[in-house]
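Subject: Structure handover

Hello,

Here is the structure I promised to pass on. Please open it and keep it beside you while you read.

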Amino acid sequence: MVIFMDNPVYVFGHRNPDTDSICSAICYARLKTLLTGKEHIAKRAGHLNEETQYVLSKNEVSIPEYIKDVRPQVRDVDIHIIEGVSEDISMKAAYHYMKENNTVTLPILSNGELEGLITLGDISKSYFDVYDSNILSVAHTSMQNIVDTLDATVVTGDIGQIVDKGKVVIATANPDMMEQYIEEGDIIILGNRYDAQLCAVEMNARCIVICEGVNVSKTIIKVAQENNCMIITTEYDTYTVARLINQSLPIRFYMTPKEKMIKFKITDYIEDIEDTMAKRRFRDFPILGENGKYIGMISRRNLLKHGKKKLILVDHNEKSQAVFGVETAEILEIIDHHRLGSIQTMTPVFFRNQPLGCTSTIIGLMYEENGLIPEKTIAALLCSAIISDTLILKSPTCTQVDIDICKKMAQIADIDIESYGREMFKAGSNLVGRTSEELFARDFKKFSVNDIVIGVGQVNCMTKEETDMVRQPMIDYLSGDISKMGLDMAFFMITNVLTESSEVICFGNNSTQIITNSFSTVSDSNVVSLKGVVSRKKQLLPAIMEELQQ
């Protein structure tokens with residue numbers, strides 16, 4: 001049996017998710033599931049800020065699962081389900097199980113835990129490389145295995161005993177000679193000679209194997225019982241029994257134990273295990289679940305046709321902002337409201353990009369275009385995202401379309417836009433106890449212009465006191481070596497939502513001059529005050545890019 005991995009479509013926002021990024025992912029996943037009937041699941045590529053946490057908690061929505069890397073994993077490969085076997089079964093039983101299941105490797109389990117592996121090569125070794133007549137006792141073979149392997153019938157004796165001493169003897173000599181080499185605990189293979197049978201029993205053999213289905217006399221049975229000797233009969237001839245009996249060895253004797261096994265977890269990345277698989281002699285490798293329990297097997301051939309994760313990207317279209325490993329995934333759609341960036345796809349995709357204040361506005365439009373009214377919770381999330389991205393509909397990025405969709409969603413969700421927006425921003429401006437590094441990364445995006453890498457962070461404040469609290473620690477933080485962050489220039493906007501103004505902290509070559517030139521202002525420090533500037537996307541970033549290009 002093979003599990004063919006039918007992976008769902010994941011909907012992702014950007015790495016430093018804001019409220020629009022998360023709400024867009026949740027709402028678009030819901031819309032796509034309704035429209036297609038196929039499962040679409042919202043995921044996140046970064047940690048939530050306080051504002052977004054407030055929105056999800058307020059509307060009783062679960063936080064999307066965090067996935068930091070979408071490179072193909074073992075879970076994306078078709079897994080061959082092979083039921084595990086006990087370490088006590090015989091080599092013969094293992095071989096027949098392999099034939100029935102068309103496999104060359106068997107997992108050996110105990111209560112779901114992987115204990116070892118046995119391969120067809122191991123079974124061949126037991127047949128061709130063993131010349132030790134004591135091998136059954138060395139391996140502590142069960143009499144049950146011997147009986148099963150020889151298709152034998154128990155005439156008398158305890159089938160539950162374990163062979164822990166003695167050797168295998170083929171009794172072809174007369175009784176006088178047999179007495180010289182039969183020892184206590186031996187297993188004797190013989191035919192219908194009464195005297196040989198009696199001799200073996202009286203020499204305290206553990207078991208006599210009588211071939212070709214010969215009937216055993218009552219006298220021999222009685223003597224065997226008195227001497228605690230087991231008797232089994234088989235239809236096979238002496239030659240065949242001698243060939244088969246080693247196949248009764250328990251597979252644990254030849255298995256590769258767990259300490260020496262190469263095994264992988266279902267969460268391992270394909271590129272991390274390819275070299276290991278290529279260098280090992282095994283054709284199949286066991287896979288463990290996240291709980292450490294055995295799941296199934298994969299082969300090197302499986303890796304050649306592993307599936308890519310299927311993604312829809314919302315609220316971004318630049319590789320630097322996307323979830324790690326996006327270049328290995330299959331991108332199906334992009335829904336965004338930013339400038340065109342650097343994402344490249346192998347095939348044409350559905351790409352909807354509109355110059356609106358919020359990605360959630362686009363998703364609200366798509367609900368309308370498909371004749372659907374979003375559920376109250378979805379409407380609340382769409383409304384929250386628009387409020388966040390447009391600063392309660394006051395940002396210069398805000399369009400009439402944003403206002404219309406926001407009001408419609410607010411009506412469905414029974415939200416007062418102004419008061420709800422203030423609650424959101426108050427929750428999001430909780431800056432107490434946050435390090436400068438945390439604040440900078442909170443809503444951070446990276447851009448490239450003419451090979452110059454720019455990082456722009458932003459935090460919203462509700463009061464002058466909050467602005468003052470953030471300013472100096474952030475100056476101290478950015479005065480370090482920003483090249484360690486992979487940046488040529490760093491800008492950080494401290495935006496006061498109520499006064500609709502920002503202070504921009506600038507670091508890097510000519511960064512302050514670029515801001516002052518762009519906005520026709522002056523500053524004698526690394527901090528530039530800008531009235532009416534609240535949008536990174538529509539005001540700050542375009543001005544920086546235009547100045548750099550000039």
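Below are notes on its salt bridges and its nonpolar cores.

Some ground rules come before the findings. This is a predicted model, in which local features need pLDDT of at least 70 and side-chain atom pairs count only at pLDDT 80 or more, while totals for chains, interfaces and linings use all residues. Residues are numbered from 1 along each chain as its sequence is written, and side-chain values use heavy atoms, with hydrogens and water left out.

**Salt bridges**

The structure has 26 salt bridges. The term means a side-chain nitrogen of Lys or Arg within 4 Å of a carboxyl oxygen of Asp or Glu.

Take Glu 183 and Lys 167. Their closest N and O atoms are 3.4 Å apart. Glu 183 sits in the loop between helix H7 (175–181) and strand E10 (187–190), and Lys 167 in the loop between strand E8 (153–156) and strand E9 (168–170), so this pair ties together parts that are 16 residues apart in sequence. Helices (H or I, at least four residues) and strands (E, at least two) are DSSP runs, numbered from the N terminus. Lys 167 counts as buried, at 17% relative accessibility. Buried means under 20% relative accessible area, exposed means over 50%, and partly exposed lies in between (1.4 Å probe, protein chains only).

Glu 418 and Arg 422 also pair up, again with 3.4 Å between the closest N and O atoms. Both belong to helix H16 (residues 417–428); they are 4 residues apart, or about one helical turn. Glu 418 is partly exposed at 32%. Arg 422 is partly exposed too, at 38%.

Next, Asp 443 meets Arg 536 at 2.8 Å, N to O. Asp 443 lies in the loop between helix H17 (436–442) and strand E20 (444–449), and Arg 536 in helix H20 (residues 536–549), so the bridge links parts that are 93 residues apart in sequence. Both residues are buried. There is also a network: Lys 464, Asp 468, Arg 471 and Glu 503 are joined by salt bridges that share partners.

**Nonpolar cores**

A nonpolar core is a set of buried Ala, Val, Leu, Ile, Met, Phe, Trp, Tyr and Cys residues joined through side-chain atoms within 4.5 Å. The largest one has 49 residues, and Tyr 28, Leu 381, Cys 383 and Ile 387 touch the most other members. Among the elements giving it two or more residues are helix H1 (19–36) and helix H14 (376–389). H14 gives the most, with 9 residues.

A second, separate core holds 39 residues, including Ile 108 and Val 241.

Best wishes
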